[in-house]
Structure formats: structure tokens, C-alpha cells
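This report describes selected features of a two-chain model. The sequence and structure are shown first, and the account follows.

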Amino acid sequence: MTQITRGTIWFRVGPPRRLAGLETRGYAVRFGVLLPPAEGPARWTALEAEGRRLLAEARRGYGTVLLPVLIAAGPAVPPPVNLDYPWSPDAGRDLVTSRRAQWRETRRLLARASSSLAAPKPQGATDLRALEKRARAALDTAVDAFDHLEDTNLASDAHALAHTIAELVAGLFGCWAERENGRWFDVCRLSLMHLRVGMSAGFSGRRHCSICGCDLTLCDHMPGVAYPVVAGRKPDGRCTICDSDICHTHTPGVTYPAVPHAITRQADLHEISAVARPRDPLARHNAIEIPPYAVTSLPNHDAANASLRCEQCMAPCTGFTSAEEALGFA
Amino acid sequence: MSVPAVTVERVPVPEWANDLILRRPDQVDLLILPQRVRDGLGEYGMDDLVGVKTLRAAGVRADWAHSEPEDRTVASEYSADVAVSVVLFVGQSLAQEGVVEAARWLLARVRQALAGRPDRKTSAPVVVQVNRLTLEGDRREIEGLRVTGHDEQVVGVVTALLQGGPAPK
């Protein structure tokens, strides 16, 4: 590897995050979904199109969460701030302290609004659990958008949105590390987004055509060529054009140009490599062990009922770690 | 010392490839061979898939070495060591039009793979292996010729081999 591949946003304050010796989990490959082409202009087009869709969806999701919060807490809600850039240590500390107090007040007002509207719930009442679910889903979508857009000029938009939503999630609902067999794992989508390592799986299997569903070696559809396809919904509810389960773009019954992709439903896995740019942009870690030295200094860290709350998302960004840095090559 | 732009070398044809080719040397003009055979299944690349479809659409009698679809799998593109890797068997009945179509497909594939690579000399190579029948008296043998390069010149050399041009000594 000859260059640092952190994407368009690559500052990093402090030493890089290394993976050596840590237990990790993640997706190596997703089956039954449309994967972008392996390389070339068609890949960049597919990544950007899907990234734009995800970014718009994340913005919509954030909006639907923010609205009831603003109704309930009004001016107590801290306005978005540039958390996607590094701040000086002193300024960052002051920022976090003041905004933590604002989020605490927002949370109190939101809880009050939620409980005062408790059973029987009128229409539009704030259901905190549903709100939290929507907020975390919006964060997931924003991170997925970044993973698609990292090499485009929309990467900074996706990065900023992910920070904004993550701060709201941490401020309103809180985030916790997961514990398994005495080890603590970082499962925060925002934190893991800043580690630019993906998984590339070597596998072989039969490929099916995304347009007709037949064996791709048999059907007449040519990868890379657009065919007119009438939009509809598959039995599982997915769109016949984009395969999304919540498609807002393609109207059933209307004809759209669609480029056939290979869909793998079953495969033999031969090897997995850690890479900077995985073929599947979402084939990434979803849990990374927190180094024991970072936990042992915390009080009661080994108590059976201990929980580890993380507020990292309320602090300004400290930058990205490239695959080379994470794997110890740089 | 200058490095040759394209190298052609004789390579042994694996036994499984010989078997696949000799099953039906006269039924097709161009046979696409798998990158490897695993548990009896031919492991093809996406390049191969597009190649067979493109050539058939252009009227060339091209086919997979594994004629039954359940014997074919497609491998994920996970190797960065080679930009393009194709293994062909050219039948003696391949006409000049077929050679032109095969060259056109290979040229498009090579250009696509090399697009955006600033330093082609140091980038992953393009490798095309041409297998073809040779007659020595009554004996029919398959010779394997591997063409390796870093640019479109590979296609010119492959085209000459498809036309029956001489192999290197």
C-alpha cells in the first residue's frame, strides 16, 4: 500500500486507532442485495446514486425526529453545531459541557411531554421509544450514506449529518458499549464510521440477474446495459428497480431504465481481506473491542452489572483512521 | 534495461482444461475457460460472463467451457494482482469477423480496467491466455500461450494469436 486511503476527509487528532490484538465483528459480504459494480465509472455512478438516496433518507429521518423534539422542548434544544471539525481542546471541552446541559434540559422537557400525553395517547403524541428507534435508524442511514459517498464531494455533507444525528441520539437517549465474555465492544455507528476499514470477501457462487431473477449466465440481460423495467413491488415489498424496502422514488406501474446487477443468494466463502475500499461499501465492522487499558481505569469496570456509557458523539470529531493505519501499515 | 511492453510465454494447459476443451472442440468457435475448477465446478469471473454474452450478441459461437449452468459459478472480484484475466480456447473455425469481435470485447474490457490508473507500468497487469489446437502429424495438441502486458498492446498480440499467428519460439 502506497497511499493513505482515508477518503476525502482525513484529518486525525492523536494517534491512529489500531486493530491489532482486538476482537472485531462485522459484515464480510451481504447476499441477496444489489452490489455496485467492482470498478470503473459504473461503480462510482452506482455508489453516488445510492449515497445520494441514503443521504436524503437520513435527512428526512432526522427531520421526523427533530420535529416532535422541537415541539416538546422548544428553545432548550441546542442548535446544530460544527461537530464534524476538530476544535481546540479547551473550546471542545466548554462546548461539550454547555451542550450536555442543554440536552439534559431537552430530555427532561421531552420526557415530561411524553408522560403528560400518556394513556390515552392523542394523535401525534411523543412516543419516546419510537422516537429513539427512528433517531438511531436515521443515524444508521447517514453512516451508510457516508460509506457510499466517501470519495465524492458529498462526503463532508454525510459526515456532518452523521455527527449531528449522533449527537442528538447520545444527548437524548444515550449510548452504551456492549459487553461480551468480559470484553467491552464499541458498537457506535459514528465511531466505527471513522475507521475506514472494510471487508472484501473472496467467494464464488451462482449469480442471478436483478431484472429477471434467472441465472445471469443464462439470461439475455447484459451487465452495464440499461433495460426498460416497469416498477413494482416484489413479494417481500422491495422495489423492482432499486431493491430498496422503503423506495420513495419509483412509482409502481411506471417504466424506468434499470441496469442488471448480479445478485448472489448462496456462495462458498474462500477468504476475507481487510481493505480500504470494499466491493460492498457496507461490508464493515459493526463491533470492535475496546482496548482493555482504556477500560481498566474506570471505577467498577469489572462489576457484573457494570455498564459503559459513551458520550463520544457529543464531542467534536477527532478525524478518520485509514485502513493502512488501522492495520499497522502506516 | 528496458522492459518489454507485452510478453508471450508458453504455459502448460492443465489437465482439467484439456478435458473441457476436448469435449467439444468443433461445436464452438470460442470457448471461455474458468479461472480455476473447485470441487468440479468451473469458477468464472464477471469478465467471462460479459464476454460470453457480448460475443454471442455479436454472432460469435462463444460458450462456457462448462456447458451446464449448474456446473458454473462466478467468483467475486477480490484480487488486485491482475487487472484483467481471461482464458480462451480458440477453435479452428473462428472466422475473421469473430476475431474482430473478440478483439473489440477485449479492448473495451482492458480500457475499462485501466481507466483512471495514472501509472499503468506499475499497475496490475492484463493477462489473457489463448489456448489453441496445434496439429503435429495426426496428433492434435493444445498449446497454451499467456500474453501479459499493461496496456492495449496486449489485445493486438492476442488478436494475432487468434488469427493463427506464430507462437514465440
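## Helix 1 of chain B

The buried residues of helix 1 of chain B are covered by elements that include strand 2 (30-33), strand 7 (84-90), strand 8 (126-136) and strand 9 (139-149) of chain B. Helices (H or I, at least four residues) and strands (E, at least two) are DSSP runs, numbered from the N terminus. The model is a predicted one, in which local features need pLDDT of at least 70 and side-chain atom pairs count only at pLDDT 80 or more, while totals for chains, interfaces and linings use all residues. Residues are numbered from 1 along each chain as its sequence is written, and chains are lettered from A and ligands numbered from 1 in the order in which they are written.

Which residues of helix 1 (residues 15-23) of chain B are buried? They are B:Ala17, B:Leu20 and B:Ile21. These residues lie on the same side of helix 1 of chain B, because they cover an arc of only 95° around the axis; the arc is that of the directions from the helix axis to the C-beta atoms. On the other side of helix 1 of chain B, the exposed residues are B:Glu15, B:Asp19, B:Leu22 and B:Arg23. A residue is buried if 20 or more other C-beta atoms lie within 10 Å of its own, exposed if 12 or fewer, and partly exposed in between, with C-beta atoms placed from the backbone.

## Contact between the chains

Chain A contributes 20 residues to the contact and chain B contributes 17 residues. Two residues are in contact if their C-beta atoms, placed from the backbone, lie within 7 Å. On the side of chain A that touches chain B, helix 1 (40-73) and strand 6 (198-205) of chain A are the elements that give two or more residues. Strand 6 of chain A supplies the largest share of that side, six residues. By class, that side of chain A has nine nonpolar residues (Ala, Val, Leu, Ile, Met, Phe, Trp, Tyr, Cys and Pro), four charged residues (Asp, Glu, Lys and Arg) and seven polar residues (the others, Gly among them).

## A sheet shared by both chains

Strand 6 of chain A pairs in the antiparallel sense with strand 6 (residues 72-75) of chain B over two bridges; two strands pair if DSSP finds at least two bridges between them. A:Gly205 has B:Val74 in strand 6 of chain B as its bridge partner.

An open sheet of five strands with mixed pairing has the order 11(A)-6(A)-6(B)-4(B)-3(B). Strand 11 (268-275) of chain A and strand 3 (36-38) of chain B stand at the edges, each with a single partner strand, so one side of each is left without a neighbour in the sheet.

## A sheet within chain A

Four strands of chain A form an open sheet with antiparallel pairing, in the order 1-12-4-3. Its edge strands, strand 1 (24-26) and strand 3 of chain A, each pair on one side only.

Strand 1 of chain A pairs with strand 12 of chain A over three bridges, and A:Thr24 has A:Ile288 as its bridge partner in strand 12. Strand 12 (residues 285-289) of chain A is also joined to strand 4 of chain A by two bridges, with A:Asp186 opposite A:Ile288. Three bridges link strand 3 (residues 178-180) and strand 4 (residues 183-186) of chain A in the antiparallel sense, where A:Arg179 stands opposite A:Trp184. The hairpin of strand 3 and strand 4 of chain A has two residues between the strands, and A:Asn181 takes a positive phi near 50° there.
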